[in-house]
Amino acid sequence: MHQDSLNKHKNYTIETQRRTCSKKKLQNKYSIVFMLLFFIFIASVVAIHNNAQQLECRDRESKQLIADELDKPCAFAQTPKAKTIYYDIPLENKYQKLVFDLCEKYSAPPEIVFGVMRIESNFDFMALSADCKCVGIMQINLCNMERLNKELGVTDLRDPEQNIKSGIYMLAELYSKYGDWHKALVCYNRGEHGAKNLLTSTYSIKVMDYSARLETLNSKFVD
């Protein structure tokens, strides 16, 4: 009996140790699996983080490229501003510029306007006709004053800018009516009533000749 008890106790102890050993082995396996899963998880997190950084970096690079492209001046912005060409004539640049601007506005050739100035007054702002009826560089007849005041707001034909504006306005108006610069110039010089059936005159020929010579001048300079 005593021996049987000892044997049972011994067997129980062995069985307990075996179970304990099996349990520890199982725990070790679980620990290893857990550690592997943990490392896989960490590796995945690191990979995702790295990918996110790479994507963020690429996104920044793309945005920078777009910003750089937007910052580049457009083709038309790179085109240098056209310089104003001034003729080597006895007329200040600021008045030549005024002529260019007004001629663009009223669709008149500036060379013809300069021709009128040359023949009418030799570019003299203070010019006055013998009968004192025509004044200024464009020799505007005072009979036009009321109309010019109403249509352009002109108040003083002795003022260089108002005189130039009035002359160009009248020339463009006559050309628009007759469609020929010789006829327009004859009417400008003689008045429409005085021009009658004339299509050209010594005056118009001189103006057009000066205009043609002015267009071929090499003595131009830019501002």
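Met117 touches Leu91, Val99, Asn122, Phe123, Ile137, Met138 and Ile164, leaving aside residues up to four places away in sequence; a contact here means heavy atoms within 4.5 Å. The structure is a predicted model, in which local features need pLDDT of at least 70 and side-chain atom pairs count only at pLDDT 80 or more, while totals for chains, interfaces and linings use all residues. Residues are numbered from 1 along each chain as its sequence is written, and side-chain values use heavy atoms, with hydrogens and water left out.

Met117 is one of the buried residues of helix H4, where buried means under 20% relative accessible area, exposed means over 50%, and partly exposed lies in between (1.4 Å probe, protein chains only). Helices (H or I, at least four residues) and strands (E, at least two) are DSSP runs, numbered from the N terminus. H4 has 12 residues and spans 16 Å from its first C-alpha to its last, close to the 16 Å expected at 1.5 Å a residue; the expected span is 1.5 Å times one less than the number of residues. The helix is mostly covered, with 9 of its 12 residues buried. Besides Met117, the buried residues include Pro110, Glu111, Ile112, Val113, Phe114, Gly115, Val116 and Ser121. Their packing partners are strand S1 (85–87), H3, helix H6 (160–178), helix H7 (181–190) and helix H9 (202–215).

In soluble globular proteins, nonpolar side chains tend to be buried together.

Asn163 lies in helix H6 and, at 1% relative accessibility, counts as buried. Beyond residues up to four places away in sequence, Asn163 touches Val135, Gly136, Ile137, Met138, Gln139, Ile140 and Leu157. Gln162 and Leu148 are 14 residues apart in sequence, and their C-alpha atoms are 9.6 Å apart in space.

Most residues other than glycine have a negative phi. Ser107, however, has a positive phi near 60 degrees. This residue sits in the loop between helix H3 (93–106) and helix H4 (110–121), and it counts as exposed because its relative accessibility is 58%. Just after H4, Asn122 takes a positive phi of about 55 degrees. Cys132, in the loop between H4 and strand S2 (134–135), has a positive phi of about 65 degrees and counts as partly exposed at 43% relative accessibility.

With a disulfide taken as a pair of cysteine sulfur atoms within 2.5 Å, the count comes to 0. Cys132 is in no disulfide, and the nearest cysteine sulfur, that of Cys134, is 10.0 Å away. Cys187, for its part, counts as buried because its relative accessibility is 4%.

Cys187 also takes part in the lining of the largest pocket, which holds about 400 Å³ of space. On a 1 Å grid over the protein atoms alone, a pocket is an open set of points where a 1.4 Å probe fits, with protein on both sides within 12 Å along at least five of seven lines, and lining residues have an atom within 4 Å of a point. Grid points are joined across faces, edges and corners, and the volume is the space filled by probe spheres set on the points. Of the 18 lining residues, Asn144, Met170, Cys187, Tyr188 and Gly191 are the closest to the pocket centre. Strand S3 (140–141), H6 and H7 each give two or more residues to the lining.

Finally, the chain as a whole contains 9 helices and 4 strands, in the order α-α-β-α-α-β-β-α-α-α-α-α-β along the sequence. Buried residues make up 28% of its 223 residues. Among contacts between residues at least 6 apart in sequence, 45% join residues at least 24 apart.
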